[in-house]
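Please open the model in your viewer and keep the sequence panel beside it. The tour below moves from one selection to the next and says what is found at each stop.

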Amino acid sequence: MKEFFAILKNELIKTIRRPRSYIGFAVISFICLMLQGAFYQDGRELLTTVTAQFDNIFNVQGNILNGNLICFIVLQTLIVQMPLLVAFVTGDQISGETASGSIRFLLTTPASRTKIVVAKWLSGLVYTLLLLLVLGIFALFVSRAIFGVGDLMAMNSEGLTIIRADDINWRWGYAFLIAFLSLSVVASLSTMLSCIMDNSITPIVTVMATIIIFTIIGMFDMKSFDVIKPFLFTTHMISWRSLFEDPLPVHDILTSCAILFLHVVIFLGVAIFYFKRKDITN
Amino acid sequence: MSSAILLENVTKNFNDFTAVNELSFEVKAGDIYGFLGPNGSGKSTTLRMIMALIKPTSGSIRLFGQSLQENRSEIMRKIGCIIEKPDFYGYLSAKENMKLFARAHLLTYTTKQYDDLFSLVGLKGRELDKVKTFSHGMKQRLGLAQALIHDPELIILDEPNTGLDPQGIIDLRNLIMTLNKERGKTILFSSHILSEVQEICSNMVVINKGKVVVQGGVSDLLSHENLTVKLEVVNPLTTAVVLRQSKWAGMIESQEEKLFVFKMGKTEIPEMVDYLSQHQLGIERIDYRNQLEDYFLKITNA
């Protein structure tokens with residue numbers, strides 16, 4: 001275990017010291033600040049237009065343009081960009097080193113290939129967690145500091161749900177946990193492709209292509225697509241939104257988590273299986 | 001002497017291409033062993049198999065008497081290597097790169113130990129510079145530091161002179177000799193240049209197209225007893241007559257215009273030159289190689 005933690009520490013140091021790791025943090029901070037600035041300027045006008053359609057059904061009172069709503073919007077917006085930012089770092093972890101030749105440096109140490117892949121995968125997860133932490137700080141805490149706290153008006157497949165401000169913090173906690181699990185699937189897929197491919201760009205592009213294709217399949221209500229939809233990880237990546245429904249679809253959320261977890265196990269398993277047998281020829 | 005490396009009938013196929021074909025050789029502990037072959041002969045593939053970077057298709061590799069496949073981790077603690085060009089993390093300094101490697105070997109180096117290591121390989125004063133600013137020769141020196149950091153019993157050097165300046169080549173040669181003589185390290189030294197191997201190795205194997213061409217002691221293989229001597233003369237007709245009446249007549253392999261080719265020992269050469277000058281026969285050029293040098297020149301030129 002001592003050897004494994006030494007390798008993991010090495011991987012974390014490399015992740016921290018690589019300039020590309022900071023692109024993700026910069027992008028998230030920028031998007032959050034940009035959206036917060038835009039909502040601060042034009043948000044009330046926009047919300048008045050949206051809530052106007054409910055005027056004859058119920059009366060909206062209080063601070064609806066609050067930190068919880070901004071965080072909900074930011075999270076929905078970033079669900080497409082976050083996998084790209086994760087893949088940008090994790091997709092390069094092994095293939096980048098194979099392309100540059102530094103993989104030989106790693107593989108001639110006493111550590112086994114399994115330990116090396118798992119250490120890289122774990123460092124990718126730590127990076128993913130840090131990305132989400134930055135997102136959480138900017139999207140939730142900074143938004144609350146700017147816009148204040150209030151009830152969340154969440155639009156979802158069931159319609160409009162209002163979540164009371166005193167009932168929301170635990171939902172955010174679980175939402176970020178599910179988002180982490182979803183992005184872990186992306187990180188694991190990137191690690192797997194990174195083991196298989198020998199250049200740093202292809203795994204990143206392949207991850208994005210996979211997400212785009214799966215998302216398109218998920219968008220259409222067609223019988224042939226309906227058969228495969230439940231098995232696509234992208235279908236379950238948005239399950240964090242279910243935490244803002246009332247009543248809470250616990251079974252659906254747990255099923256999604258189980259499927260996402262299964263994807264992580266499969267992708268990591270394939271990565272280890274392939275990498276253990278891989279010839280390092282460059 | 002015990003065996004440091006033992007390869008038995010090792011073959012490596014990449015799809016239809018056979019890179020290494022039934023290769024067998026043994027490196028004894030304490031030896032400086034030359035691994036010679038032209039570019040593309042299968043040297044690097046073999047070294048990568050010894051370092052467990054590539055899995056052999058068939059055959060067995062044993063290091064320090066243990067199977068590589070079954071005892072990889074234990075074996076890797078005893079081996080240091082430079083495989084082709086050493087590649088490091090360019091965004092880290094030389095010292096940070098070494099720290100990564102030391103940590104992977106569970107070593108805790110002191111500042112003085114790092115200083116000594118960088119002095120040893122001639123990188124003192126550059127250890128805090130980012131590796132991306134290093135020249136190829138400096139990376140090669142850093143590669144050597146990485147190969148030595150865990151004080152391995154066996155050091156595998158794949159074309160370590162590549163990119164080094166003449167002084168660097170001399171320094172490396174001296175370092176290899178010191179490591180072998182004073183610290184008892186076994187060294188497997190790969191090169192495509194015969195003279196490099198000739199200067200430092202005691203035994204060697206020559207491979208071509210993945211197969212062993214010849215192996216044995218360097219002094220035996222590069223003996224001066226059976227040289228190919230090429231003699232270019234001013235007056236070929238008279239020289240031919242004179243030589244055919246001399247004791248060297250039986251040693252003439254061929255004659256083509258002004259060029260005579262002999263098979264003879266090195267000591268015969270000055271005697272023959274004297275004999276021809278006594279007969280006032282001019283010599284334009286004379287050079288000699290042993291059979292291995294001759295063969296090696298052919299395959300490297302090919």
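**First stop: a helix in chain B**

Select residues 136-148 of chain B, which form helix α5, a run of 13 residues that reaches 18 Å from its first C-alpha to its last, close to the 18 Å expected at 1.5 Å a residue; the expected span is 1.5 Å times one less than the number of residues. Helices (H or I, at least four residues) and strands (E, at least two) are DSSP runs, numbered from the N terminus. This is a predicted model, in which local features need pLDDT of at least 70 and side-chain atom pairs count only at pLDDT 80 or more, while totals for chains, interfaces and linings use all residues. Residues are numbered from 1 along each chain as its sequence is written, and chains are lettered from A and ligands numbered from 1 in the order in which they are written.

Colour α5(B) by burial: a residue is buried if 20 or more other C-beta atoms, placed from the backbone, lie within 10 Å of its own, exposed if 12 or fewer, and partly exposed in between. Because 10 of its 13 residues are buried, α5(B) is largely enclosed by the rest of the structure. Among the buried ones are M138(B), R141(B), L144(B) and A145(B).

**Second stop: the nonpolar cores**

A nonpolar core is a set of buried Ala, Val, Leu, Ile, Met, Phe, Trp, Tyr and Cys residues joined through C-beta atoms within 7 Å. Next select A145(B) with V86(A), Y33(B), I156(B), I187(B), F189(B) and M204(B), which touch the most other members of the largest core, a set of 140 residues. Helix α8 (residues 169-196) of chain A gives the most to this core, with 14 residues. A second, separate core has 11 residues, including V229(B), L231(B), V233(B) and L276(B).

**Third stop: backbone exceptions**

Most residues other than glycine have a negative phi, and most peptide bonds are trans. Centre on E22(B), in strand β2 (residues 17-28) of chain B, where phi is positive at about 50 degrees although the residue is not a glycine. F64(B), in the loop between β4 (58-63) and β5 (66-67) of chain B, also has a positive phi, near 50 degrees. Finally, move to chain A, where the peptide bond from D246(A) to P247(A) is cis, with omega near 5 degrees; P247(A) lies in the loop between α11 (233-237) and α12 (250-277).
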